Amino acid sequence: MLIRYILAGLLNTFIAFAVYYASVRWLQAPAWLGNLAGIVASILSGFLFSKHFVFNHAARTSYKVVLKYVVTYAAQYVVGTTVIYIFLRFGLSAIEAYIVAVPCMVAVSFILQRYWVFTSRPDAS
């Protein structure tokens, strides 16, 4: 499961980073907005990868699962943006700070998805 999560995560991270990079480099958006845009861009593909490829969650998709998934991304955004902000204050570039933040965002996302969103119990809260 962890290997599948890593593979899906690599693709999702690429999607998020591409949007982040385009936002901060080409559109001159602030880092927080670029991070938000990247997360929003990867939510749909990430949900599909996680549900079907990573966790093999066979249960019908309920609004509770979708809501939990979105909350997971909100938590990931808060953690990532906080780490980015801290490392920007230490003098890293927006791109370098994002690279430092990725492992933190990945850890939060995996733990919440594995033990809260895509549990084996139907509609587990």
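**Serine 23 and its surroundings**

Author: Start with the contacts of serine 23. Beyond its neighbours within four places in sequence, serine 23 is in contact with Gln28, Ala29, Gly34 and Ala37. Keep in mind that this is a predicted model. Serine 23 itself is part of helix H1. Is serine 23 buried or exposed? Its relative accessibility is 9%. Buried means under 20%, so serine 23 counts as buried.

Now take one of those contacts, Gln28. Glutamine 28 sits in the loop between H1 and H2. Its relative accessible area is 62%. Exposed means over 50%, so glutamine 28 is exposed. Look at its backbone too. Glutamine 28 has a positive phi of about 60°, although it is not a glycine. Here is the background: most residues other than glycine have a negative phi.

Next, follow helix H1 to the largest pocket. Which helix gives the largest share of the lining of that pocket? H1 does, with 8 residues. The lining has 24 residues in total. Tyr5, Gly9, Asn12, Thr13 and Val106 lie nearest the centre of the pocket. Other helices take part as well. Helix H1 (2-26), helix H2 (31-54), helix H3 (63-89) and helix H4 (94-117) each supply at least two lining residues. The volume of the largest pocket is about 350 Å³. What classes of residue make up its lining? There are 14 nonpolar residues and 10 polar ones.

Now step back to the protein chain. It has 4 helices and 0 strands. Along the sequence the pattern reads α-α-α-α. The C-alpha trace spans about 45 × 25 × 25 Å along its principal axes. How does the radius of gyration compare with that of a compact globule? With 125 residues, such a globule would have a value near 14 Å. The protein chain has 15 Å, which agrees.

Take contacts between residues at least 6 apart in sequence: 70% of them join residues at least 24 apart. Buried residues make up 38% of the 125 residues, and serine 23 counts as buried. The accessible surface of the protein chain comes to about 7300 Å². Carbon and sulfur atoms account for 73% of that surface.

Note on methods
Residues are numbered from 1 along each chain as its sequence is written. This is a predicted model: local features need pLDDT of at least 70, side-chain atom pairs count only at pLDDT 80 or more; totals for chains, interfaces and linings use all residues. Side-chain values use heavy atoms; hydrogens and water are left out. On a 1 Å grid over the protein atoms alone, a cavity is a set of points where a 1.4 Å probe fits but cannot get out, and a pocket is an open set with protein on both sides within 12 Å along at least five of seven lines; lining residues have an atom within 4 Å of a point. Grid points are joined across faces, edges and corners, and a volume is the space filled by probe spheres set on the points. Ala, Val, Leu, Ile, Met, Phe, Trp, Tyr, Cys and Pro count as nonpolar, Asp, Glu, Lys and Arg as charged, and the others, Gly among them, as polar. Buried means under 20% relative accessible area, exposed over 50%, partly exposed in between (1.4 Å probe, protein chains only). Contact means heavy atoms within 4.5 Å. The radius of gyration is taken over C-alpha atoms; the globule rule is 2.2 Å times the number of residues to the power 0.38. Accessible areas come from the Shrake-Rupley method with a 1.4 Å probe; for residues, only the protein chains shown count as cover.
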